[in-house]
Amino acid sequence: MEGVNPKGLPQVEGYRSFQQISLHPYRGVYRAIQSNDDQPVVLKMGTRWTNRAALFQEYHILLLLQQHGINNVPKALQILAQRDPIVLVLDFIQGVTLQHYLEDQKIGVDIPSFVRIAIRLSELLSSIHDQDIIHQDLTA
């Protein structure tokens, strides 16, 4: 059964143990477990305001990056488009979001950590741009 459970978390057939990572007007991002193999995944779920084409585009961009061996991006596993809301299923990468990391730093990020983060992000963006892909919204 699909919908929302009593805790307000989504339910998607084939997945269980939802934990919210982030929630925005156009999408919710959740950690979940695939029921068939007990592997952790990330589910990026549209909302009623989601542009379905944008999630399809993200899926195809991730597949293109995988084909070209670009590391440090989540692996797109599948897109569940025959349901509403649409769901993009991604491989789970252990760690925290940049937003959570920055929020956890009580006195701010020290200069060496800031430089490491900036270098890794710029290298990733460079790899993406090398594939003629332009990331138009870095805050999403």
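Strands here are DSSP runs of E, at least two residues each, numbered from the N terminus. The model I opened is a predicted one.

**Entry: Asp38**

I looked up where Asp38 sits. It falls in the loop between strand S4 (27-34) and strand S5 (40-46). I then checked its backbone. Phi of Asp38 is near 60°, a positive value, and the residue is not a glycine. Is Asp38 buried or exposed, or in between? Its relative accessibility is 46%, so I logged Asp38 as partly exposed.

**Entry: Ser17**

I went on to Ser17. This residue also has a positive phi, about 60°, although it is not a glycine. Which element holds Ser17? I found Ser17 in strand S3, residues 15-24. Its relative accessible area is 44%.

**Entry: Gly46**

Next I turned to Gly46, in strand S5. I read its relative accessibility as 6%. The cut-off for buried is under 20%, so Gly46 counts as buried.

What does Gly46 touch, leaving aside its neighbours within four places in sequence? I listed Tyr26, Leu55, Pro85 and Ile86 as contacts of Gly46. I took one of them, Ile86, for a distance check. Gly46 and Ile86 are 40 residues apart along the chain. Their C-alpha atoms are separated by 5.4 Å.

Note on methods
Residues are numbered from 1 along each chain as its sequence is written. This is a predicted model: local features need pLDDT of at least 70, side-chain atom pairs count only at pLDDT 80 or more; totals for chains, interfaces and linings use all residues. Side-chain values use heavy atoms; hydrogens and water are left out. Helices (H or I, at least four residues) and strands (E, at least two) are DSSP runs, numbered from the N terminus. Buried means under 20% relative accessible area, exposed over 50%, partly exposed in between (1.4 Å probe, protein chains only). Contact means heavy atoms within 4.5 Å.
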